[in-house]
Each structure stands twice: as structure tokens, then as C-alpha cells.
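Here is a short briefing on one protein model. Look over the sequence and the 3D view, then read on.

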Amino acid sequence: MINIRRKPQDEVLTRFGRVQDAARQGAEMCRQSASDAAERIGPVAEERLMAVRGWSAPRLRRAARYVESGLAPRVSTFLSDAAGRVEPPKRSGPGRGALMAMMGAVTAVGVAGVVATRRGVIRDMTKGSGEHVDDATSADSMTVSGADVDGQVHSPH
């Protein structure tokens, strides 16, 4: 039969205390055993550790020398060759920037020529003589589509 009554608090604390004591004793025994084993094995392990360090140190030095003198130059050469193969070919002729600069220069010269020509026509018109004014309005200097020699504009029929 199962007893569903609560156990008295004193009895629970007593059992819990006994479990704690048993755990403390077990941990102490483990520490003591580990300490004894370390005392017995310690000198042997230290001796073997020194032997391993003595064996590995010259091999590490040899590997470092190989990396410096043999492997590093090979890796460097390999990487340089790879960079040369990956790099896009250089253009032999003028690039887009040079072409745009030349077009800009030609346009600037053309605009300067047009401005100079217009200023010359305006200067001739403002001199005050009648024949220059007539020349400026003649069909040779200004052409308007649909205009005859007198400058009269006729609408198409």
C-alpha cells in the first residue's frame, strides 16, 4: 500500500543531510585517489613530456626553415602568376576617356568659332553704315526658308 501522507520535515532533512554527507565523502575520496595517482605518475609524465618536447622542437625549426626558403617563394610565384592570368588585357588604343576628351575639345572649338562668327556679324551691324546693315540682312548672310532676295517671307500656297 502507498502512503500518501506527508513525511515529517525532520525526517526529510535527515535523509537529505545523509545524502549530502555521502556525496562529500565520495568527492573527497576521488580527490585523494587522483592526488595519489598524480604523485605516482607525475615524475614519469614530466619526463615523457620533456622527451616529446625535445623531439618536436627540431622538427618545428626544420619546418619553419622550409616554409621560409622553399614554400613561401613558390606560393608567392604561384599567386603572382595567377594574378597575371586573372588581370584583364590592357587596351592598346585610346580609351573611352581619351575619345570623350577629344570630342569635347572639338565641340569647344566649334562653339568658339560660332560665337566668334556671330560677334563679327553683330559688330558689323552696329558700325552704323547702311551698306553693312544691308549686307547683314541680305540672303547671303542670313537665309530663311521661303524668303526671296528682298527678305520677304511668303507663305506656301
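Which residues form a positive surface patch? Arg59, Arg61, Arg62 and Arg65 form it. This is a predicted model: local features need pLDDT of at least 70, side-chain atom pairs count only at pLDDT 80 or more, and totals for chains, interfaces and linings use all residues. Residues are numbered from 1 along each chain as its sequence is written, and side-chain values use heavy atoms, with hydrogens and water left out.

**Overall build**

- The protein has three helices and zero strands. Helices (H or I, at least four residues) and strands (E, at least two) are DSSP runs, numbered from the N terminus.
- From the N terminus on, the order of elements is α-α-α.
- Of the 157 residues in the protein, 2% are buried. Buried means under 20% relative accessible area, exposed means over 50%, and partly exposed lies in between (1.4 Å probe, protein chains only).
- The protein has an accessible surface of about 14500 Å², and carbon and sulfur atoms hold 61% of that surface. Such areas come from the Shrake-Rupley method with a 1.4 Å probe; for residues, only the protein chains shown count as cover.

**Surface patches**

- Patches are made of residues with over 30% relative accessible area and no salt bridge; like charges are joined within 9 Å, and nonpolar side chains (Val, Leu, Ile, Met, Phe, Trp, Tyr) within 5 Å.
- Lys and Arg count as positive and Asp and Glu as negative, while His and the chain ends are not counted. The place of a charge is NZ of Lys, CZ of Arg, CG of Asp or CD of Glu.
- Arg62, one of the residues in the positive patch, is found in helix 1 (residues 9-86).
- A nonpolar patch is made by Tyr66, Val67, Leu71, Val75, Phe78 and Leu79. Together they have about 550 Å² of accessible area.
- Val67 lies in helix 1. Val67 is partly exposed, at 41% relative accessible area.

**Salt bridges**

- How many salt bridges are there? The count is two. A salt bridge is a side-chain nitrogen of Lys or Arg within 4 Å of a carboxyl oxygen of Asp or Glu.
- Arg24 pairs with Asp21 in a salt bridge, with the closest N and O atoms 3.1 Å apart. Both residues lie in helix 1, three residues apart, about one turn of the helix.
- Arg24 is exposed at 52%, whereas Asp21 is partly exposed at 41%.
- Arg31 forms a salt bridge with Glu28, and their closest N and O atoms are 3.1 Å apart. Arg31 and Glu28 are separated by about one helical turn because they are three residues apart in helix 1.
- Arg31 counts as exposed at 54% relative accessibility; Glu28 counts as partly exposed at 43%.
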